[in-house]
Amino acid sequence: MSSSVLSGPPYSSEAAALLSIVQGSNETVNTADCGAPEAGDFNWSFFIDLACRNHVALTVYRHRSHRLLHALPADAAGTLRDAYLGMTQHGLRLATIWREVAPALEAEGIRVLAYKGRALAEELYGDASARHTWDVDALVESPECAKRACEVLRLHGYALRLPKTAGTVDDALHHDCELMLDHERGPASLELHWRLLPDAFGAGGSADFMWTGAVRKKVDGVECWVAPPSATLRMLLMHNG
């Protein structure tokens, strides 16, 4: 996380405080550049909003003993706690999905690679739950593998949700790059990928490089394939380019 991904004033005291906490520094922010949290003009509501919008409220809450949070007002603390509890509950649903999906697919000979969201949090923080994500991202090797995966997961209670641009599964496999699968438990989803970008991007949207140098690691306690850092960086640049 860097100042470039934060919304709002780029050098605000709230942004500086959030960066310091997320980056693990226990130093106070430079008061020459921005006001310290104890200052009367520090906007705690904006600080909490920044933490939630940048999906790091979990990390902030876990570091609530940080010296920058000593002046956290009771109402802001309550908002942060509520965000933490909601994100934790959702994270447990996502962990349940991954713990089901990865073993089920590999048992059928379908290689599955964890990437984006929880895999990235596991790599950066050693904890897949450290950064809030909306769904579980999994990558398989081809459209054929994706179709087989849907058939396997249907037996485990997952229902396919077709993209709006596709009339059939085959349409989606040919033109898109992902399929959404929802479990009857709800409300959390699996995003199953076989490409990084839709077919219209041609070879530029291929995910083949993610498999080159992939290693076995644990994500949410389940061993699976994980791309090397260089491939992960390339993938992030593609998604944000």
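Ring pairs join Phe42, Trp44 and Phe47 into a cluster, where rings of Phe, Tyr and Trp (its six-membered ring) are taken to pair if their centres lie within 6.5 Å. The model is a predicted one, in which local features need pLDDT of at least 70 and side-chain atom pairs count only at pLDDT 80 or more, while totals for chains, interfaces and linings use all residues. Residues are numbered from 1 along each chain as its sequence is written, and side-chain values rest on heavy atoms, with hydrogens and water left out. By the ring criterion, the count comes to four aromatic pairs. In one of them, the ring centres of Phe42 and Phe47 are 6.0 Å apart and the planes stand at 50 degrees, so the pair is tilted; planes under 30 degrees apart would count as stacked and those over 60 as edge-to-face. Phe42 and Phe47 are both buried, a term for residues under 20% relative accessible area, with exposed meaning over 50% and partly exposed in between (1.4 Å probe, protein chains only).

Charged side chains also sit over aromatic rings, the criterion being NZ of Lys or CZ of Arg within 6 Å of the ring centre and within 35 degrees of the ring normal. Arg64 lies over the face of Tyr61 at 4.1 Å from the ring centre, and Arg234 over that of Phe209 at 3.9 Å.

Helices (H or I, at least four residues) and strands (E, at least two) were taken as DSSP runs numbered from the N terminus, and two strands pair if DSSP finds at least two bridges between them. Seven strands form an open sheet of mixed pairing, in the order E3-E4-E5-E2-E1-E7-E6. Strands E3 (158–161) and E6 (215–219) stand at the edges with a single partner strand each, so one side of each is left without a neighbour in the sheet. Helix H4 (residues 74–107) packs on the sheet and touches E1 (113–114), E2, E3, E4 (178–183), E5, E6 and E7 (222–226), contact meaning heavy atoms within 4.5 Å. The direction of H4 makes about 75 degrees with that of E7; axes are lines fitted to C-alpha atoms, for helices over the stretch in contact, and angles run from 0 to 180 degrees between N-to-C directions. Helix H5 (residues 117–125) lies across E1, E2 and E6, at about 95 degrees to E6.

Within the sheet, E2 (residues 135–139) and E5 (residues 189–193) pair in the parallel sense over five bridges, with Val136 opposite Leu190 in E5. E1 and E7 are likewise parallel, over two bridges, and Val226 in E7 is the bridge partner of Ala114. E6 and E7, by contrast, pair in the antiparallel sense over five bridges; Lys218 stands opposite Glu223 and Arg216 opposite Trp225 in E7. Two residues separate the strands of this hairpin, in which Asp220 takes a positive phi near 55 degrees. Four of the five residues of E7 are buried, so this strand is largely enclosed by the rest of the structure.

The structure holds zero disulfides, defined as pairs of cysteine sulfur atoms within 2.5 Å. Cys52 is partly exposed, with a relative accessible area of 24%, whereas Cys145 counts as buried at 14% relative accessibility.
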